[in-house]
Amino acid sequence: MQFPESWLRAYADPALDSDALAQALTMAGLEVDETVAVAPPFCGVVVAEVLDVARHPDADRLTVCRVDAGAGAVLTIVCGAPNARAGLRAPLATLGTTMPGGMEIKKAKLRGVESFGMLCSARELGIAEDSSGLMELPAELAAGQPITDALSLDDTLIEINLTPNRGDCMSVLGVAREAAVLTGTKLAGPEMHAVPAKSSDRFPVELVPGAGCARFAARVIRGVRPDAQAPLWMRERLRRAGLRPISAVVDVTNYVMLELGQPMHAYDLRELQGGIVVRRARAGETLRLLDGREITMDESVLVIADHAKPLGLAGVMGGDHSGIGDDTTDVLLEVAFFHPSAIAGRGRRYGLVTDASQRFERGVDPTLQERAIERATELLLACAGGTAGPTEVTELADELPRRPVVSFRPARARRVIGAEIDDAGIERILRLLG
């Protein structure tokens, strides 16, 4: 699992530097494989506002941009990116900047037009793989602000190699909890607020007993702006955790999964027929996945379906038919608890190991679903608008995991651990771990 150190420190900020924090986590059993800088060291790259764009007189694929780099003078930049447009804010490598690959930015003449710098993609800055166009920055960033400050690039990526029994740490909050207990630091956690329903929209859900799904939370949100983007801070956290930002709806569901450890899915409501049914697949039933492949299933596979068709491979990957599209405005959020035994091995059968399946196979907190859907609703409404209906929780109480009382012997624990931890210390640790 990979995440930026700054995200961890937002929830637990021990008085340790990066190396000491990594060592503490490793010695606690959360082996840190690697720590690397978020971005290569560079200076001279600033936020720039594109004032206007004109076609290059001698090159069809080039444009001539006039940009404000915050220094008073307007600069002329020749650019080949397809998304260059008036009003865009993008990173500008000014003259004299040395790029991560070693190239020095100098005044150049491109097809007869002088260029005084280079507008950059995320890949050219060495912070992401996207090279499809200029990196688009929020409009509220001031021209001339160093990009290192604007994007908080003075950060470290932490990669942890988790053992299969530590499903509780497959989230930033889970690792932060461990760090807080290890170092005696306060655990802040993300602020979460319940979002009151503004409509009565519901979508029926049925759980087939014995299928492997004991709890299913759902919420209808209508009127989402399809062109909305998640805020920059969220996109950067996703990018640094190894996920490519896609759209507001998809980014929010991915973010909540990384933050809390609860996978979730969003459906295009207009594609759903009748109601949701969580059941085992029928022999020979087929499903086209989000990656475009069509698979054939049997009765051992748990699926999310509506009254007409399967919608997704439960706990592994959604189906192509009901996924979020560029024009989706009405959404059904799904947050479920699937038994690990119903998910384990199902994805691998089809060559799939996904972020969701890794978490469900190890065990997701069966009490987390309502908190996760409230968190996702709050984040989605903030960045994409919309009107939320009530959160509807359907559960099979007899199939939820039990929480038996465990007899714990401190003296035996001390013998096994090989360290003298007094009873009060043991109680403190257990309470801090929740």
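Buried here means under 20% relative accessible area, exposed over 50%, and partly exposed in between, with a 1.4 Å probe and protein chains only. By that cut-off Asp306 is buried, because its relative accessible area is 4%. This is a predicted model: local features need pLDDT of at least 70, side-chain atom pairs count only at pLDDT 80 or more, and totals for chains, interfaces and linings use all residues. Residues are numbered from 1 along each chain as its sequence is written, and side-chain values use heavy atoms, with hydrogens and water left out.

**Salt bridges**

- The whole structure holds 29 salt bridges (a side-chain nitrogen of Lys or Arg within 4 Å of a carboxyl oxygen of Asp or Glu).
- Asp306 pairs with Lys309 at 2.5 Å, N to O. Lys309 also counts as buried, because its relative accessibility is 15%.
- Arg279 bridges to Glu285, with the closest N and O atoms 2.9 Å apart. Both Arg279 and Glu285 are buried.
- Arg240 and Asp155 form a salt bridge of 3.3 Å, N to O. The pair links distant parts of the chain, 85 residues apart. Arg240 sits in helix H6 (residues 232-240), and Asp155 in the loop between helix H4 (147-150) and strand S10 (156-161).
- Helices (H or I, at least four residues) and strands (E, at least two) are DSSP runs, numbered from the N terminus.
- Arg240 and Asp155 are both buried.

**Nonpolar cores**

- A nonpolar core is a set of buried Ala, Val, Leu, Ile, Met, Phe, Trp, Tyr and Cys residues joined through side-chain atoms within 4.5 Å.
- The largest core has 52 residues. Leu25, Ile160, Val175, Val252, Val256, Leu333 and Leu380 touch the most other members.
- Helix H7 (residues 248-260) gives the most to this core, with eight residues.
- A second, separate core has 38 residues, among them Val205, Cys213, Ala342 and Leu352.
- Val256 is in contact (heavy atoms within 4.5 Å) with Gly261, Gln262, Met264, Ala372, Arg375, Ala376 and Leu379, leaving aside neighbours within four places in sequence.

**Cysteines**

- The search finds zero disulfides (a pair of cysteine sulfur atoms within 2.5 Å).
- Cys169 is buried, at 0% relative accessible area.
- Cys213 is buried too, at 1%.

**Cavity and pocket**

- On a 1 Å grid over the protein atoms alone, a cavity is a set of points where a 1.4 Å probe fits but cannot get out. A pocket is an open set with protein on both sides within 12 Å along at least five of seven lines. Lining residues have an atom within 4 Å of a point.
- Grid points are joined across faces, edges and corners, and a volume is the space filled by probe spheres set on the points.
- One cavity of 30 Å³ or more turns up in the whole structure. The largest cavity has a volume of about 40 Å³.
- Asp201, Arg202, Phe203, Ala218, Arg219, Val220, Leu332, Pro390 and Glu392 line the largest cavity. Strand S12 (residues 213-222) gives the most to that lining, with three residues.
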